[in-house]
Amino acid sequence: MLRSVLALLLIGTLTACASSRPDQREGDPTRLGAEADSLVSAARVDEAAMLDERLDLTDDQEQSVRLALEAYRDALATARGLPDVRSRSALRERARVETDARILATLTGTQRETFETIRSERETELDPLVRRQIAFLTRVLLLTDEQQTAFGPLLTRRLEDLEPIQAQARREGTRGNAQEEIQRVQEQYDAEILALLTAEQAEEYQELVEDRGRRRGRR
């Protein structure tokens, strides 16, 4: 069952991206939007608590930090409504930079040094679809931590390359004609993915690719 679901995911999000809204790419959009809001809210609370603990914030500082993180959450919600991964990534990055600046403005010198350490530890934020793809690949292929890290930028580049093709196909009604270009992009990234896998993982992934081809052939 997982293999079938992942095979659909690896088609390059053609079916999943049928809607122009990113929250509608997989499953029920209302449910996914609610889940995303819950995850963002939980992450915001966790980050606020973590900063309070590591920076030993005063009450006034803690309030300022929480307001900054609240604004960041609102920006993430706006980003989810943008039509392509580049726009979403750019808005999320801009929001993070602005949030960090607001937090830094409330800190003392020693606290700022600690906060810079925290910033250096922070992982690059990935598009939600990329995170879901990595989660599926990890579950099916048992990816190591190092492989998961490597897959982040690789799958982001694949999504960035596929989205314009899919968007043009939707605008022009040429979805069938776009299949060749989509397949070319997929095969390019399949080779990069295989290069990151062990022999056993590569064999399993190749089966997923073959499943994807059979599904395309039945359309």
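Start with the contact between H4 and H7. On the H4 side, the residues are Val85, Arg86 and Arg88. They meet Leu159, Glu160, Asp161, Glu163 and Pro164 of H7. Keep in mind that this is a predicted model.

What classes of residue make up the contact of H4 with H7? The count is 5 charged, 3 nonpolar and no polar residues.

Now the geometry. Two packed helices are described by two things, the angle between their axes and the distance between those axes. For H4 and H7, the angle is about 130 degrees, and the axes lie 9 Å apart. That angle makes H4 oblique to H7.

Glu160 sits in helix H7. Is Glu160 buried or exposed? Its relative accessibility is 18%. The cut-off for buried is under 20%, so Glu160 counts as buried. And what is Glu160 in contact with, once neighbours within four places in sequence are left aside? The partners are Val85 and Arg86. Both of those belong to H4.

Helix H6 covers residues 128–141, and helix H7 covers residues 145–172. Their axes come within 9 Å and cross at roughly 130 degrees. H6 and H7 are therefore oblique to each other. The crossing is right-handed.

Who touches whom here? From H6 we have Leu129, Val130, Gln133, Ile134, Leu137 and Thr138. From H7 we have Gln148, Phe151, Gly152, Leu155, Thr156, Arg158 and Leu159. By class, that contact has 7 nonpolar, 5 polar and 1 charged residues. Note Leu159: this H7 residue meets H6, and Leu159 also meets H4.

Last pair: H3 and H4. Helix H3 is residues 59–80, and helix H4 is residues 85–105. They pack at about 175 degrees, axes 9 Å apart. So H3 is roughly antiparallel to H4; the cut-off for that label is over 145 degrees.

H3 contributes, among others, Val65, Leu69, Tyr72, Leu76 and Arg80. H4 contributes residues including Arg88, Leu91, Ala95, Thr99 and Ile103. The classes are 12 nonpolar, 2 polar and 5 charged.

Technical notes: Residues are numbered from 1 along each chain as its sequence is written. This is a predicted model: local features need pLDDT of at least 70, side-chain atom pairs count only at pLDDT 80 or more; totals for chains, interfaces and linings use all residues. Side-chain values use heavy atoms; hydrogens and water are left out. Axes are lines fitted to C-alpha atoms, for helices over the stretch in contact, and angles run from 0 to 180 degrees between N-to-C directions. Helices (H or I, at least four residues) and strands (E, at least two) are DSSP runs, numbered from the N terminus. Angles under 35 degrees count as roughly parallel, over 145 as roughly antiparallel, 65 to 115 as roughly perpendicular and the rest as oblique. A crossing is left-handed if the near helix is turned anticlockwise from the far one by less than a right angle, and right-handed if clockwise. Contact means heavy atoms within 4.5 Å. Ala, Val, Leu, Ile, Met, Phe, Trp, Tyr, Cys and Pro count as nonpolar, Asp, Glu, Lys and Arg as charged, and the others, Gly among them, as polar. Buried means under 20% relative accessible area, exposed over 50%, partly exposed in between (1.4 Å probe, protein chains only).
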